[in-house]
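I set out to record, entry by entry, what I looked up in this structure. The entries follow the order in which I examined the parts.

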Amino acid sequence: MAGDNYYGDVVNMHGGSGNQGIVHHHASPDLERALADVLARIEELRGQVEPEVAERLDGASAGLAVPQARRGGLVLLRDLAVTVGAIGQPLLDAVGAALQLLGP
């Protein structure tokens with residue numbers, strides 16, 4: 001370390017219990033593209049479904065911004081895409097691709 005220049009993470013922990021360390025949630029560029037595709041498909045579908053379904057799409061998509069909630073949001077979107085039938089197929093495909101990138 002030269003001077004006061006720091007590179008990387010600096011963590012100071014004072015007391016506490018059960019400290020687990022740092023959890024980083026960095027999405028891969030492929031996942032970011034897949035999630036953007038999901039959002040684009042939601043926009044396309046929103047105008048073709050009942051207002052109640054559009055509200056449910058919006059609610060499910062809100063979780064996509066939170067890494068810990070992505071899988072749950074994608075599962076809800078997958079279920080909604082299935083319920084609307086053939087018009088939901090592009091969303092279903094996009095959600096499937098995003099879920100694959102998230103892994104098991």
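**Entry 1: helix α4.** How many residues does helix α4 have, and what distance does it reach from its first C-alpha to its last? I noted first that the model is a predicted one. Helix α4 covers residues 89-102, which makes 14 residues, and it reaches 20 Å, close to the 20 Å expected at 1.5 Å a residue. I then listed the buried residues of α4 and found L91, A94, V95, A98 and L99. Viewed down the axis of α4, these buried residues fall within an arc of 135 degrees, so they line one face of the helix. I looked for what covers them, and the cover includes α1 (29-46), α2 and α3 (70-83). Just after α4, I found G103 with a positive phi of about 80 degrees.

**Entry 2: L101.** Not counting residues up to four places away in sequence, L101 touches D30, L31 and A34. I also checked L101 against E32: the two are 69 residues apart in sequence, and their C-alpha atoms are 9.9 Å apart in space.

**Entry 3: the protein as a whole.** I counted four helices and zero strands, in the order α-α-α-α from the N terminus on. Of the 104 residues of the protein, 25% count as buried. Among contacts with a separation of 6 or more, residues 24 or more positions apart account for 57%.

**Entry 4: helix α2.** I compared the span of α2 with expectation: its twelve residues should span 16 Å at 1.5 Å a residue, and its end C-alpha atoms are 17 Å apart, which agrees. The buried residues of α2 are V53, A54, L57, A60 and S61. Down the axis of α2 they fall within an arc of 125 degrees, so they line one face of the helix. The face turned away from this buried side carries the exposed residues P51, E52, E55, R56, G59 and A62. The cover over the buried residues of α2 includes α1, α3 and α4.

Entry 5: I took S61 first, which lies in helix α2 (residues 51-62). Why does S61 count as buried? Its relative accessibility is 15%, and the cut-off for buried is under 20%. Leaving aside neighbours within four places in sequence, S61 is in contact with L39, I42 and L77. On the same terms, L57 is in contact with I42, L45, R46, V49, L77, L80 and L91.

**Entry 6: α1 against α3.** I found that α1 and α3 pack at an angle of about 35 degrees, with their axes 12 Å apart. Their crossing is left-handed. At this meeting, L31, E32, L35, V38 and I42 in α1 meet R70, L74 and L77 in α3.

Methods: Residues are numbered from 1 along each chain as its sequence is written. This is a predicted model: local features need pLDDT of at least 70, side-chain atom pairs count only at pLDDT 80 or more; totals for chains, interfaces and linings use all residues. Side-chain values use heavy atoms; hydrogens and water are left out. Helices (H or I, at least four residues) and strands (E, at least two) are DSSP runs, numbered from the N terminus. Buried means under 20% relative accessible area, exposed over 50%, partly exposed in between (1.4 Å probe, protein chains only). Contact means heavy atoms within 4.5 Å. The expected span of a helix is 1.5 Å times one less than its number of residues. The arc is that of the directions from the helix axis to the C-beta atoms. Axes are lines fitted to C-alpha atoms, for helices over the stretch in contact, and angles run from 0 to 180 degrees between N-to-C directions. A crossing is left-handed if the near helix is turned anticlockwise from the far one by less than a right angle, and right-handed if clockwise.
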